[in-house]
Amino acid sequence: MTAVVTDPGKRVDDDSGELNVAVLKRNARNEVWGLLGLCSPSLFLVGLIIILPVGWLFWLSLYDENGMLSFVNYERFVEQSSYVKTFVTTFEVSFGVTAICILLGYPLAYMLSQIPRRAASICMILVILPFWTSVLVRTYAWLVILQRKGLVNDWLIDLGIINQPLALVNNFTGVLIGMTHIMLPFLVLPLYASMKSISADYQRAGMNLGAGPVATFWQIFFPLSLPGLAAGVVITFVLCLGFFVTPALMGGGKVIMWAMRMQQTTSLYANWGAGSALGVLLLAVTFGLLGFFNWLLRGQIKAAWGGK
Amino acid sequence: MSVVLSAPPISIRKIVKRFGSQDVLKDLDLNVAPGEFLTLLGPSGSGKTTLLMILAGFVRANSGSIKIGPDEVITMPPHKRNIGMVFQNYALFPHMNVFNNIAFPLKQRRVDKATIARQVEQALHQVQLDGYADRRVDQLSGGQRQRVALARAIVFEPRIVLMDEPLSALDKSLREHMQIELRSLHRRLGMTTVYVTHDQREAITMSDRIAVMNNGCIEQLDKPEILYSTPKTQFVAGFIGESNFTPVDCRDGVAWYEGRQIETRSQVPHAGQHWLVSRPEKVRVADGVNGDRGNFFTGSVREIVYQGDSFICYATLRDGQVMALRDYCRSDVLSRLPAAGEPIHLRIDAEDAAIVQAES
């Protein structure tokens, strides 16, 4: 203790003059590489099964039937009216289904968000239940129920409400009914989640400040639920655009949607170039729509949430 | 708004509220005087927030009556009660800016635009947020949100204002500042105010009267200074401030401790063992036990905790009970203070000794 007196302050100054800069930098870099290493298997998989095929699709769409580089596959969309019609039908169906889903799904989600948690989870299971059954099975079930001599028409005739059976299937109506059934949960789930996160205090505050139940709903609850509604609408709409099984079965060949066109082109006419072009166009349109929705809804939410 | 509003009294009678099989409020009676600042104080689960929710109309009572002035309101929907409320998390509408939040109650009342603009501006001035009308809610600090919530609750000149732990989300210094501001705002506007908190210091600082709630009942309703100096029950004594509980024997309305009669101003139960309640800062160091009168306690110093401006001395009495003494670190006090392990004599004035019935 008496012999060697080291100055602790000086020692710190001496050997950590650069204050561990190099070591800390190396640690940070190692951390980044470590995380990247953990991600790499899934990144590789995504690249292999998504990026690569999509790139290939794009590549294929640029060749005509003789293997020559051309835009013939894309020119067809403009020249042939049947393509334009398919395109319009696809959007009509998607808009229709999304609109019906909003009309049915919003009140449903609202009810679920307001009832006690236990009752809500039971109802939620009922909403999700159809997810556990195959789309094909559900579509065939609808065919049975809605056909000319099906359950619905028999009842309506027995009750004397109609004389002639209604054409509920093998047409546009059938496609709407079948697809709405399948799409409803996709709208309800995100909407319910966002409604559940709206604090009851906002509605209480609204009523406390003199707004009746209706005014509180439209001025407080509805604007606050818009982001969730937007999420649900986007998911529903985009899924509708690429739908195949239900319109194919319930449209009775009269309602041709984009995905059905693709199937025809590739398996019937074995024209991979044309099929790929359809795929690329759908992808581009979907991206464009997502961007448009994003822009539109951001503006709308801002207006609803906005200033004076 | 600068005129003192004609604030009505609130008369709450026999409120019963059950959630399932649990009685949250049991036949609760409470009268709030016109213009009074009354605080409901109690631990969580005591029913204070439920009572406030029933007052505001968000929760339906099983039975009972609430009269604001002459009018029965318990059957009225919340939007017709005309009661201002400040929520614990403020509940400012995130999709509206400050102006629209404060204008909301006026728009519901179909007030014309020019009047709305003027009244919002006035309300903002009252809470010292002039010029904040265009801010978005998420651009405000906690204290500013608090003020906007306050402005929104008073802008339509409600006769009654309810506050549900409005300061609990603020940090300590801001909270203390807002306590004073809320108090002066109340004095200026004079509305009947019911304030809920679990913070006893806040309640004591702000209230005209405090209702201490426990298990769905009001244990004691008194002015803060009376509540502090003369708690009527063991719960109130334990909940408000720090307390020494010393067991005393009661016979024929007189309390005894180690053969000495306890001098007190409070009512003494007729028989049984009950508690003498004393506050640490009211306990003094005595030089010795003189005569047979006076409240003296003898023990030994267990520990002295230094707290900067003051100290706490824990003394173990002869019966093993601990009595705490708090005083400022002045030289005259410290010089008389025995060291740890040494014997000590303590004295409590009759005015500072309260007897409360032991709870079974």
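Residues are numbered from 1 along each chain as its sequence is written, and chains are lettered from A and ligands numbered from 1 in the order in which they are written. In this predicted model local features need pLDDT of at least 70, side-chain atom pairs count only at pLDDT 80 or more, and totals for chains, interfaces and linings use all residues.

Student: How many helices and strands does chain B have?
Tutor: Both are DSSP runs numbered from the N terminus, helices being H or I of at least four residues and strands E of at least two. The C-alpha atoms of chain B fill a box of roughly 75 × 45 × 35 Å along the principal axes. Chain B has 9 helices and 20 strands.

Student: What percentage of the residues of chain B count as buried?
Tutor: A residue is buried if 20 or more other C-beta atoms, placed from the backbone, lie within 10 Å of its own, exposed if 12 or fewer, and partly exposed in between. Chain B has 360 residues, and the buried share is 41%.

Student: Why is helix α1 of chain B largely enclosed by the rest of the structure?
Tutor: Helix α1(B) covers residues 48–56. Its buried residues include Lys48(B), Leu52(B) and Ala56(B). The helix is largely enclosed because the buried residues number 9 of the 9.

Student: Which residue follows α1(B)?
Tutor: The residue after this helix has a positive phi, near 95 degrees. It is Gly57(B).

Student: Which strands stand at the edges of the open sheet of 4 strands in chain B?
Tutor: Two strands pair if DSSP finds at least two bridges between them. The order in this sheet is β2-β1-β4-β5, with antiparallel pairing. Each edge strand has a single partner, so one side of each is left without a neighbour in the sheet; the edge strands are β2 (22–32) and β5 (71–72) of chain B.

Student: What is the strand order of the open sheet of 6 strands in chain B?
Tutor: The pairing in this sheet is mixed. Strands β6 (83–86) and β10 (217–222) of chain B each have a single partner strand, so they stand at the edges with one side lacking a neighbour. The order is β6-β7-β8-β3-β9-β10.

Student: Which residue in β9(B) does Thr39(B) stand opposite?
Tutor: Strand β3 (residues 37–41) of chain B runs parallel to strand β9 (residues 209–214) of chain B, and 4 bridges join them. The residue opposite Thr39(B) is Ile210(B).

Student: Which element gives the largest share of the side of chain B that touches chain A?
Tutor: Residues are in contact if their C-beta atoms, placed from the backbone, lie within 7 Å. The contact takes 22 residues from chain B and 19 residues from chain A. On the chain B side, β6 and α2 (98–108) give two or more residues. The largest share, 5 residues, comes from α2(B).

Student: What is the handedness of the crossing of α4(A) and α10(A)?
Tutor: The axes of α4 (residues 81–114) and α10 (residues 213–241) of chain A come within 9 Å and cross at roughly 145 degrees. Axes are lines fitted to C-alpha atoms, for helices over the stretch in contact, with angles from 0 to 180 degrees between N-to-C directions. A crossing is left-handed if the near helix is turned anticlockwise from the far one by less than a right angle, and right-handed if clockwise. This crossing is right-handed.

Notes: Contact = placed C-beta atoms within 7 Å.
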